[in-house]
Amino acid sequence: MEFLVASAIGLLTAAGIYLVLRLRTFPVILGMSLLTYAVNVFLFASGRLTIGAPPILVKGVETYTDPLPQALVLTAIVISFGMTAVVVMIALGAFLSSEDDAVNDAEETETPAQEDAS
């Protein structure tokens, strides 16, 4: 079980980093979402993976699940949803103003040395 969760975290992280390094806004947004999911699974797994155990202490129960990582993941999901909505709106505004979704900031202009040669 631990190997499966660790592999899922590694796969989500690798795919997220690959998409963040793209030069278009939509893959960057998807990559940030995948990185967020990887962090959420990592936080959730940090509370030990136990199946069928209650998240609170009850009399007579020997094992329980740590509730703190669950609360952290729930908070992170809400924050990441809000931030994804903000980033999508910023990207949409940039796309509508320039009619291109390229991330690079280098404009194709002639340098003074190129103007002198012509």
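Modeller: Here's a surface feature to start with: Ile56, Leu57, Val58, Val61 and Tyr64 form a nonpolar patch, with about 460 Å² of accessible area together. Keep in mind that this is a predicted model, where local features need pLDDT of at least 70, side-chain atom pairs count only at pLDDT 80 or more, and totals for chains, interfaces and linings use all residues. Residues are numbered from 1 along each chain as its sequence is written, and side-chain values use heavy atoms, leaving out hydrogens and water.

Biologist: What makes a nonpolar patch?

Modeller: Its residues have over 30% relative accessible area and no salt bridge, and nonpolar side chains (Val, Leu, Ile, Met, Phe, Trp, Tyr) are joined within 5 Å. A salt bridge would be a side-chain nitrogen of Lys or Arg within 4 Å of a carboxyl oxygen of Asp or Glu. The areas are Shrake-Rupley values with a 1.4 Å probe.

Biologist: Why does Ile56 count as exposed?

Modeller: Exposed means over 50% relative accessible area, buried under 20%, and partly exposed in between. Ile56 has 54%, so it counts as exposed. Ile56 lies in the loop between helix 2 (25–45) and helix 3 (67–98).

Biologist: And why is Val20 called partly exposed?

Modeller: Val20 has 27% relative accessibility, so it falls in the partly exposed class. Val20 is found in helix 1 (residues 2–20); helices are DSSP runs of H or I, at least four residues.

Biologist: How far apart are Val20 and Leu30 in space?

Modeller: C-alpha to C-alpha, 7.8 Å, with the two 10 residues apart in sequence.

Definitions and conventions. Patches are made of residues with over 30% relative accessible area and no salt bridge: like charges are joined within 9 Å, nonpolar side chains (Val, Leu, Ile, Met, Phe, Trp, Tyr) within 5 Å. Helices (H or I, at least four residues) and strands (E, at least two) are DSSP runs, numbered from the N terminus. Buried means under 20% relative accessible area, exposed over 50%, partly exposed in between (1.4 Å probe, protein chains only).
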